[in-house]
Amino acid sequence: MKETETQTASVAEPEDRFERIGTTYYKMVSRPNAAGELIECRIPWTIEAIRQDYGKDFVAGIPKYDGFCCVPAHVCYKPVVGTFLNKYAAISHTPVDGDFPTIRALVTHIFGVQSDLGMDYLQLLYLRPTQKLPILLLVSEERNTGKSTFLNFLKAIFEGNATFNTNENFRSQFNDDWNGKLIILVDEVLLNKREDSERLKNLSTTYNYKVEAKGRDREEVSFFAKFVLCSNNEHLPVIIAPGETRYWVRKVERLTIDDTNFLAKAKEEIPAFLHFLCDRQLSTAEESRMWFAPELIATDALRKIVRANRNRLEIDMAELLMEIMTVQNVSEVAFCINDIAAILEYNRVKADRSQIRRVVQECWKLAPASNSLSYTTYQIGISTSGTNYVEARKVGRFYTVTRQMLETL
């Protein structure tokens, strides 16, 4: 009889943990991954299985919540908010005073002369998780640059609140795996379609979006995720239009030392690094919706992608007009669509007038003169010395482009 009572007591207080969220029961389990680490997650569990394993009286002691919420925090984390269970995961690191030479070397390598801004970026991620931040894009055609190591470092800090996605995941209509994440990491990104670019930009600034999972209705939730992307394509990893301020593009140089234990060393220094971030004074103030002033995060790598995104006709027109200004020693040129079309045709550049007008009005944001007025333009002239440009007086609703504008483009 005593032996039976002992067995019953051991079953009544199991090590297994359960929760009831709404009307669904979950079992908290530690699932091992390929690296041998245990990742805590919830698995739906039937009430019949719980009763069978632990007895009918055990069910009454399972904690109950009205549902899930998502309130991101790392310093003052609350597992339960009101009657809702916080779906945002607590990180396991406890800040401890100490040094972090490996992490400091990694941040310096990734952000270069913008290391202080890089520290601000990481500090805002940790202390202000709901703050909108620019899309961080790391590019390099070289191998062994540490880009992937940096992604894994962010995953190690924020653990279950960071998720790796692929290009296919990003395009999928089912996006429930993004729900409640702080960082979306994409290695080898290649989102060179216009709809991909627009979706990425919209998500980087939106505060709410629709979550959709297989077999479930769409649901509107808060969105605070930041995107960190890596690519070996320095020219066209994503479509970035001129004037775009939502991207921070860093070209990462090749590592001079190949340390196979680098990431392991960095993980050991995370508690000291988080302690440093708690006490550190930000080097920047909030100057835009993405925190950083656009001119602070503008880089040559960003300008390189913007140039690569320009269509061939726009480049040909810009080079043609710059050539006219150089030959004629002027700082601006007036023209009508027909003027440019004639010169392009002479240079065997195929373009119809609607395409030229689209470049002038939509890409260059130029407006024609309000009325038909007299203007001086240039056209192809043939002389004994060859082809050149000659002045011509015409009347029409002309556009004016300056050398400064084209150099900026």
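**Close-up 1. Thr102 in helix α3.** Thr102 lies in helix α3, residues 101–111. Helices here are DSSP runs of H or I with at least four residues, strands are runs of E with at least two, and both are numbered from the N terminus. The model is predicted: local features need pLDDT of at least 70, side-chain atom pairs count only at pLDDT 80 or more, and totals for chains, interfaces and linings use all residues. Residues are numbered from 1 along each chain as its sequence is written, and side-chain values use heavy atoms, with hydrogens and water left out. Thr102 is buried, at a relative accessible area of 10%. Buried means under 20% relative accessible area, exposed over 50%, and partly exposed in between (1.4 Å probe, protein chains only). Beyond neighbours within four places in sequence, Thr102 contacts Phe262, Lys265, Ala266 and Glu269. Contact means heavy atoms within 4.5 Å.

**Close-up 2. The buried side of α3.** Which residues of α3 are buried? They are Thr102, Ile103, Leu106, Val107, Ile110 and Phe111. These residues sit on the same side of α3, because they cover an arc of only 145° around the axis. The arc is that of the directions from the helix axis to the C-beta atoms. The cover over the buried residues of α3 includes α4 (115–127), β8 (135–139), α5 (147–158), β14 (247–251), α8 (262–268) and α9 (270–279). Gly112 follows α3 and has a positive phi, near 55°.

**Close-up 3. Packing of α4 and α9.** The axes of α4 and α9 are 10 Å apart and meet at an angle of about 90°. Axes are lines fitted to C-alpha atoms, for helices over the stretch in contact, and angles run from 0 to 180 degrees between N-to-C directions. α4 is therefore roughly perpendicular to α9. Angles of 65 to 115 degrees count as roughly perpendicular, under 35 as roughly parallel, over 145 as roughly antiparallel, and the rest as oblique. From α4, the contact uses Met119, Leu122, Gln123, Tyr126 and Leu127. From α9 come Phe273, Leu274, Phe276, Leu277 and Cys278. Nine residues of this contact are nonpolar, one is polar and none is charged. Ala, Val, Leu, Ile, Met, Phe, Trp, Tyr, Cys and Pro count as nonpolar, Asp, Glu, Lys and Arg as charged, and the others, Gly among them, as polar.

**Close-up 4. Leu274 in helix α9.** Leu274 belongs to helix α9. Its relative accessibility is 0%, so Leu274 counts as buried. The buried residues of α9 are Ile270, Ala272, Phe273, Leu274 and Leu277. Their cover includes α3, α4, α5 and α8. Not counting residues up to four places away in sequence, Leu274 touches Ile91, His93, Pro95, Tyr126 and Ile157. Leu274 and Tyr126 are 148 residues apart along the chain, with their C-alpha atoms separated by 7.9 Å.

Close-up 5. Asn144 is not a glycine, yet its phi is positive, about 55°. The residue is in the loop between β8 and α5. Asn144 is partly exposed, at 34% relative accessible area. Glu188, also other than glycine, has a positive phi near 55°. Its place is the loop between β10 (183–186) and α7 (194–205). Glu188 is partly exposed, at 41% relative accessible area.

**Close-up 6. Confidence along the chain.** Mean pLDDT of the protein chain is 86, and 92% of its residues reach 70 or more. Over residues 1–13 the pLDDT is below 50, and this stretch has three contacts in the model beyond near neighbours in sequence. pLDDT is the predictor's confidence in each residue, from 0 to 100.
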